[in-house]
Amino acid sequence: MTSNQASEKLNLTTKFAFGAGDIGPAFTANILIFFLMPFFTNVAGINPAIAGSILFVGKIADAINDPIIGVFSDRTQTKWGRRIPWMIFAAIPFGFTFFLQWIVPKFSDDIALNNNLLFIYYMMIGIVFNIFYTAVNLPYQALTPELTQDYNERTNLNSFRFSFSIGASIVSLILAGAIFEVYQGNNQEKYLILGIISTIFSTLPLFWCPLIIKERGYEPLLNKNQRKITAYIFISISSIAIIYSIFNFINSTSGEDVFNAIIALLIALFIGIMAWSLIIAKTEPHLFEAPLGNTEENTEHNLTYIQQLKIVFTNRPFLYVVGIYLCSWLAVQLTASILIYFVVNWMGLPEAAFPRVAIAVQGTALVMLFIWQKISNKLDKKIVYFLGSAIWIIAQIGLFLVQPGQTFLLYALAMLAGCGVSVAYLIPWSMIPDVIDLDELNTGERREGIFYGFMVLLQKFGLAFGLFLVGIALEASGFIKPIEGQPIPVQPENALWAIRLVVAPLPAVVLLAGIVLCYFYPITREYHSQIRLQLHEKNN
């Protein structure tokens, strides 16, 4: 019997643990969005078109593996559930392959041959990393509809998730800015240090969520005593890191030593918080009930892949959600991937100013998440998306019009854009669990993995095209690559126009398409209540 949805509230420790599950993917994604293209062009010495092709191939390969891993996740049967084992076993390879993207191996003294081998290296590492990224992140996303069936609680849960996600994005930008300021070596050394520290900061949180979260109807990964033992081990590690930090700070002789001490202290504090949450965490009563849907029947009588495709693409509300999400995130990715060129080459600001502009966007988005979440408790999700997107489009128009020297206006527009960016995080991911409920009502089965997989697949096809477009636009417009140790080159007029068009008008057009799709999205609060009532009666 399904519990009454009004009683399916989640504990604060569960929301924190669930939110922490998105720190690693968000941290790495943000670093890659903002810094991988400049790393390829400015450090590895790859021309923009080839760099865009690497990102394009990586995203296409990543998109293909999403529905495959989604299907495997749906069919996984262990005593711990269908999602948790994927997150645990993929965490370390996820971090290691992320790090490998930030080294510049020298394969040959022949420049042309070396560049060809670099292209193959970065393309292959990117493909492997994205496999493990999906293996961690897609099962994690599919936990959302299983943890609670409450309409508002799902939005609240996603607000926690994206608070951690945006918070991680902000920290990643602060970290990058600090590294660029503190380390005075060449760019290759700076990016290598960024890769090492980012790997640590993104891999550790991946264990917080599966160590505390329990899938509905399955055993927890750790019982109560095992949680306490694990917590004490974490406390010991945290204490050692604190001692190291204090010792390093006392004996510091440079800014780099102080920076390293601060990083060690932050790692220690994070591990300590994980330990505290392991000790006090409690599992909600409704998660001890049987899994949602007929998961045993799903395992024994799985539909073929083609049949699942048919069900996914005949679910009209799902197609609208995919379109809304694709438009929202294509706008984010286009702006993010070109923003450093806009700040440095159009606005004439130093490279160290770029993280501050990005933080203005992400910081505002973090604050607005809580505001939009409160508004969504009163208004329908569609209305919230309309309001946020309208504000966002105004900001994009302003970015196109802003001129060099108008630095204050740039930051103001970045904050205004953040008000809209937050709805791209919150609303589409709050809609998808409702779509899965509708599919369960129609089919009697729960297929979270296949829906989340195809949602991300179509998103990544769009993003791959967007990243490829950025590289081609820079190359075709005559963008001049910076040379290590030389002043930043003055870009030709065509390159500046290309940068401005990609950073503002193009995302604005995509957002307008998202608003149109959202208008036709059919699942309102009242419709979802009817779905839950019918599911409750059907299960009874």
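This is a predicted model: local features need pLDDT of at least 70, side-chain atom pairs count only at pLDDT 80 or more; totals for chains, interfaces and linings use all residues.
**Notebook: core, cysteines and salt bridges**

I started with Phe35 and looked up what it touches: leaving out residues up to four places away in sequence, I found Trp102, Leu173, Ala176, Phe180, Tyr191, Leu194 and Phe354.

**The core**

Next I asked which residues have the most contacts inside the largest nonpolar core. They turned out to be Phe35 again, plus Phe342. That core holds 166 residues. I then checked where they come from, and helix 14, residues 316-346, gives the largest share with 21 residues.

**Cysteines**

How many disulfides does the structure hold? I got zero. I reminded myself that a disulfide is a covalent bond between the sulfur atoms of two cysteines. The cut-off I need here is a sulfur pair within 2.5 Å.

Then I turned to Cys518 itself, which is in no disulfide either. For Cys518 the nearest cysteine sulfur belongs to Cys327, at 11 Å.

Are these two cysteines buried or exposed? Cys419 is buried, with a relative accessible area of 14%. Cys518 is buried too, at 0%. I counted both as buried because the limit is under 20%.

**Salt bridges**

Side chains of opposite charge can pair when their charged atoms come close. I searched the whole structure for salt bridges and found three.

Entry one: Asp22 pairs with Arg161, N to O at 3.2 Å. Asp22 sits in the loop between helix 1 (12-20) and helix 2 (23-43), while Arg161 is in helix 7 (residues 151-182), so this pair ties together parts 139 residues apart in sequence. I checked burial as well, and both Asp22 and Arg161 are buried.

Entry two: Asp109 and Lys106 meet with an N to O distance of 3.3 Å. Here I found Asp109 exposed, and Lys106 is exposed as well.

Lys381 is buried, with a relative accessible area of 3%. For Asp434 I noted buried again, at 0%.

**Recap for later**

I have zero disulfides and three salt bridges on my list.

Note on methods:
Residues are numbered from 1 along each chain as its sequence is written. Side-chain values use heavy atoms; hydrogens and water are left out. A nonpolar core is a set of buried Ala, Val, Leu, Ile, Met, Phe, Trp, Tyr and Cys residues joined through side-chain atoms within 4.5 Å. Buried means under 20% relative accessible area, exposed over 50%, partly exposed in between (1.4 Å probe, protein chains only). Helices (H or I, at least four residues) and strands (E, at least two) are DSSP runs, numbered from the N terminus. Contact means heavy atoms within 4.5 Å. A salt bridge is a side-chain nitrogen of Lys or Arg within 4 Å of a carboxyl oxygen of Asp or Glu.
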